[in-house]
Amino acid sequence: MDKQTRHNHASLRALLGTLKNTDVAQIILYVLLSLACALAGSAAAVLLVPLVQPGHPLILGGHTIDIHGSIETHALLFAAITACFAVLRWQAARLAARLASRYGMHLRRAVHARLIDASLPSLADATSAEIANVLTYNVEIITQGFNALLQLLVAGITALVSLALAFWVSPPLALAAPLLAVLALATSRISSRKQVAVSRQYIADLTRLFWLSEDFPRRLRHVRSFEREDAEKASHSDISGRLGQGYRHQLDLIASGRLMLELLAAAGVALIFVLAYRLHGVDQASLIAVCLLLGRLLPYLVSTRQSLQQLHSAVPAFELWQRYMQLPPARTAHVPLHGAQIARTLHIERVQLAPPLAALEVRDMSLRPGTLTLLSGDSGIGKTSLVDVLAGMMRPGAFVARAGQRALAFDDYRELVRNSAYVSQSVRPWQRTVRECLQWAAPDATEDMLRRVLVDVGLDKRLAGSEHGLDTALSSSSSRLSGGELQRLLLAQVILRQPFLALLDEATSALDAASEIAVLSALKRRLPRTIMLVVSHRSSVAAVADQCVAVGADFHTTVSTPAHAHA
């Protein structure tokens with residue numbers, strides 16, 4: 001067994017390992033239904049012989065079986081068995097659909113949950129396009145592979161039952177089947193490596209297409225301003241061409257495999273007829289029965305080949321899914337501190353970032369409920385990483401802190417600030433309406449609370465002009481909010497959240513200076529028990545700050561208290 005085959009087998013075992021106990025029970029039921037279906041179908045094929053040769057007894061395994069009755073009786077029996085076969089196959093197909101649907105839902109939920117719980121450093125090398133692919137189309141490919149496994153189970157069971165009955169009817173004629181099965185298996189493996197390679201490239205190209213397609217409206221303005229429309233069209237055309245070629249290669253491989261299998265089927269039928277007329281003791285009824293039983297397998301030739309191709313395509317998709325499922329979690333279970341301790345001032349005696357930003361270190365910073373701390377410094381110097389640490393979302397290189405007189409390890413601190421609100425400049429609401437956006441932050445908020453918080457952030461007059469009010473759509477061209485209005489909406493979420501710690505990373509950058517001061521002042525007024533940390537490049541924010549932390553170009557930090565805060 002070569003390395004690639006072992007790798008594929010390991011992926012298949014891992015794929016089966018994702019099944020839940022309920023799925024296993026349902027699969028067992030599916031196997032039993034498929035077995036009953038195969039038996040009914042084979043019985044229907046055998047019962048067709050008396051209809052083809054009226055009055056002739058049926059010889060099965062050397063035993064003569066004479067089904068008495070008129071041709072109408074034989075036809076009625078055949079119709080009844082065929083109807084049973086059809087119903088069983090229908091029920092098996094419905095069960096397979098439920099299994100595949102539930103399996104895909106489980107994969108999507110599992111990887112989304114893992115992404116939600118993942119630590120920020122583990123996502124440092126992940127592109128948003130790849131994550132979007134993992135959550136969407138990639139899971140569909142894996143689900144198709146799972147469904148292909150179910151189809152292969154049906155084909156295998158049907159083949160075993162049909163071959164067993166064919167061997168019972170006429171062992172000499174059925175001896176040709178194992179040879180053809182070996183040839184068919186060899187044919188199915190001819191292009192398996194190429195199929196996996198094509199599938200991997202297809203997934204990589206699809207991820208690239210996600211990258212070209214995300215954030216399209218804002219990107220379009222950039223493209224047009226540089227007059228690079230033709231270049232973007234050429235780039236998209238190139239990736240679309242590769243995707244088209246990859247899809248064509250996959251279909252070519254399926255068609256080639258189908259051709260080989262159909263040629264083998266033709267050779268097998270011819271071989272059976274030659275054996276029937278060369279061997280003695282093979283009667284015509286047995287020949288018809290064997291041909292009907294083996295003929296039942298012909299429709300499975302194409303579906304089996306296609307199922308194998310889908311299974312090969314699922315391997316790289318499942319590997320990508322597994323890679324994201326192995327992301328380490330951000331938080332470990334820990335006992336939270338008591339509310340009395342939370343009300344006290346947090347003293348950050350020393351916090352140092354982990355490499356490669358280990359040069360950034362802050363000392364002697366006090367975070368008190370009801371105060372606002374301004375964090376400023378040049379772009380790219382590590383302010384966002386520092387905020388991630390203070391939010392408890394990223395582990396620092398060094399951390400010394402206390403709450404009151406109690407020393408805090410970083411895990412203690414992380415639990416302490418678990419009730420927080422983090423708003424970044426790059427985040428935009430993804431809900432459909434203003435109401436949904438606000439209720440996402442506070443599901444139990446009343447209508448009056450929602451309207452009052454809109455007044456606090458200065459959005460009440462904007463929505464007063466909309467006929468839909470709180471149900472104004474965020475994405476509609478007739479009611480779309482501006483960048484500054486969207487930031488106000490996210491800050492309204494912060495007020496509804498009433499967090500212990502609020503971190504605003506350039507969250508007011510789309511507002512003018514006067515509006516920024518007004519909104520931050522409203523937040524301080526409405527959040528008297530909240531520690532606010534604001535990242536901003538505007539020095540004017542210092543007018544409402546109780547503490548300023550400036551990060552210099554040499555990573556040296558200065559913690560100071562504005563003059564008005566002493567007053």
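Predicted model: local features only at pLDDT ≥ 70, side-chain atom pairs only at ≥ 80, totals over all residues.
Residues are numbered from 1 along each chain as its sequence is written, and side-chain values use heavy atoms, with hydrogens and water left out.

Me: How much space lies in the largest pocket?
Reply: On a 1 Å grid over the protein atoms alone, a cavity is a set of points where a 1.4 Å probe fits but cannot get out, while a pocket is an open set with protein on both sides within 12 Å along at least five of seven lines. Grid points are joined across faces, edges and corners, and the volume is the space filled by probe spheres set on the points. By that account the space in the largest pocket comes to about 2,000 Å³.

Me: Which residues lie closest to the centre of the largest pocket?
Reply: A residue belongs to the lining if it has an atom within 4 Å of a point. Of the 45 residues that line the largest pocket, the closest to its centre are I116, L120, M393, Y422 and V427.

Me: Which element gives the most to the lining of the largest pocket?
Reply: Helices (H or I, at least four residues) and strands (E, at least two) are DSSP runs, numbered from the N terminus. Two or more lining residues come from each of α4 (71-117), α5 (128-135), α15 (383-390), β8 (420-424), α17 (434-441) and α20 (483-497). The element that gives the most, with five residues, is β8.

Me: How many residues of the lining of the largest pocket are nonpolar?
Reply: Ala, Val, Leu, Ile, Met, Phe, Trp, Tyr, Cys and Pro count as nonpolar, Asp, Glu, Lys and Arg as charged, and the others, Gly among them, as polar. On this division the lining holds seven charged residues and ten polar ones, and the number of nonpolar residues is 28.

Me: How far apart are the closest N and O atoms of R363 and E361?
Reply: A salt bridge is a side-chain nitrogen of Lys or Arg within 4 Å of a carboxyl oxygen of Asp or Glu, and the structure holds 18 of them. Relative accessible area under 20% means buried, over 50% exposed, and in between partly exposed (1.4 Å probe, protein chains only). R363 is partly exposed at 46%, as E361 is at 22%. The two residues form a salt bridge in which the closest N and O atoms are separated by 3.2 Å.

Me: What separation within helix α18 do D448 and R452 have?
Reply: The side chains of D448 and R452 meet in a salt bridge at 2.7 Å, N to O. D448 is exposed at 52% relative accessibility, and R452 is partly exposed at 39%. Because they are four residues apart in helix α18 (residues 447-456), their separation is about one helical turn.

Me: What is the phi of E506?
Reply: Most residues other than glycine have a negative phi. E506 lies in the loop between β9 and α21 and counts as buried at 11% relative accessibility. Although E506 is not a glycine, its phi is positive, at about 55°.
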